[in-house]
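Here is my note on this model, as numbered points. Please read it with the structure open.

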Amino acid sequence: MKCEICKKEMGNMWVVLPATGPNVLLTTKACLKCARESPVYCLKHEIPHLGFLDGTTACTSCVSELMAEKNPEVETIYNEIEEGLPPIELGRLIGWTEISGKVSGLPLVIYLLKAIATAALRLGMSFDEVKKQVLEAKSIDLLKEWE
Ligand SMILES: [Zn+2]
Ligand SMILES: [Zn+2]
């Protein structure tokens, strides 16, 4: 099989990169050299990013690291969001948890942590900046992983 970026024969060492354009189903099979040069490959963890329906991407290992980093503050973060947002917005978050099923069985606080951490990496912002914008907007639109 040939690399879809450099067109060279890839052998066994290749990865599937997520699409970043409007057609999110359009993934790219790339050799490791091309993958490492692409913005949708994490050099720290040596894995391709996960693609989202809105065309953004994030490294799931980086998300996990950020979640672990923020985990000690999880109750405070949740309280801030709960106090700062209208109840309907929190209800939307609960709805998304159920739709995505990604973290089914996990408490809402952990889902919130994951949603903020994922948004931070997808959007190239810090965790605190995402939280601040959510509170300022009084909306969780920023955390939405599709559209
Ligand atoms: Zn290549
Ligand atoms: Zn990473």
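1. Helix H5 (residues 108-123) packs against helix H6 (residues 127-137) at about 110°, and their axes are 8 Å apart. Axes here are lines fitted to C-alpha atoms, for helices over the stretch in contact, and angles between N-to-C directions run from 0 to 180 degrees. H5 and H6 are therefore roughly perpendicular to each other. By the cut-offs used, 65 to 115 degrees is roughly perpendicular, under 35 roughly parallel, over 145 roughly antiparallel, and the rest oblique. On the H5 side the contact uses Ile116, Ala117, Ala119 and Ala120; on the H6 side it uses Phe127, Val130 and Lys131. Two residues are in contact when their C-beta atoms, placed from the backbone, lie within 7 Å. The contact of H5 with H6 holds 6 nonpolar residues, no polar ones and 1 charged. Nonpolar covers Ala, Val, Leu, Ile, Met, Phe, Trp, Tyr, Cys and Pro; charged covers Asp, Glu, Lys and Arg; the others, Gly among them, are polar.

2. A word on provenance and numbering. This is a predicted model; local features need pLDDT of at least 70, side-chain atom pairs count only at pLDDT 80 or more, and totals for chains, interfaces and linings use all residues. Residues are numbered from 1 along each chain as its sequence is written, while chains are lettered from A and ligands numbered from 1 in the order in which they are written.

3. Which residues of H6 are buried? They are Val130, Lys131 and Val134. They span an arc of only 100° around the axis, so they sit on the same side of H6. The arc is taken from the directions that run from the helix axis to the C-beta atoms. Helix H3 (74-84) and H5 are among the elements that cover these buried residues. Buried means 20 or more other C-beta atoms within 10 Å of the residue's own; exposed means 12 or fewer, and partly exposed lies in between, with C-beta atoms placed from the backbone.

4. Met125 belongs to the loop between H5 and H6. Met125 has 16 other C-beta atoms within 10 Å and is therefore partly exposed. Apart from neighbours within four places in sequence, Met125 contacts Ala120 and Val130. After H6 comes Lys138, with a positive phi near 50°.

5. H3 also packs on H5. The angle is about 85° and the axes are 10 Å apart. That makes H3 roughly perpendicular to H5. H3 contributes Val74, Glu75, Ile77, Tyr78 and Ile81 to the contact, and H5 contributes Val109, Leu112 and Leu113. By class, the contact of H3 with H5 has 7 nonpolar, no polar and 1 charged residues.

6. Setting aside residues up to four places away in sequence, Arg122 touches Phe52, Thr56, Thr57 and Ala58. Arg122 and Ala58 are 64 residues apart in sequence, yet their C-alpha atoms are 5.0 Å apart.

7. Two backbone points to check. Most residues other than glycine have a negative phi. Lys7 is not a glycine, but its phi is positive, about 70°. Lys7 lies in the segment before strand S1 (14-17) and is exposed, with 10 other C-beta atoms within 10 Å. Glu46, also not a glycine, has a positive phi of about 55°. Glu46 sits in the loop between strand S3 (41-42) and strand S4 (47-48), and its 13 C-beta neighbours inside 10 Å make it partly exposed.

8. Now the whole chain. The protein chain has 6 helices and 6 strands. Helices (H or I, at least four residues) and strands (E, at least two) are DSSP runs, numbered from the N terminus. Along the sequence the pattern is β-β-α-β-β-β-β-α-α-α-α-α. The C-alpha trace spans about 55 × 30 × 30 Å along its principal axes. Of the 147 residues, 26% are buried. Among contacts between residues at least 6 apart in sequence, 51% join residues at least 24 apart.

9. The domain assignment gives domain 1 (1-48) and domain 2 (60-143). These bounds come from an automatic or database assignment. The C-alpha centres of domain 1 and domain 2 are 29 Å apart.
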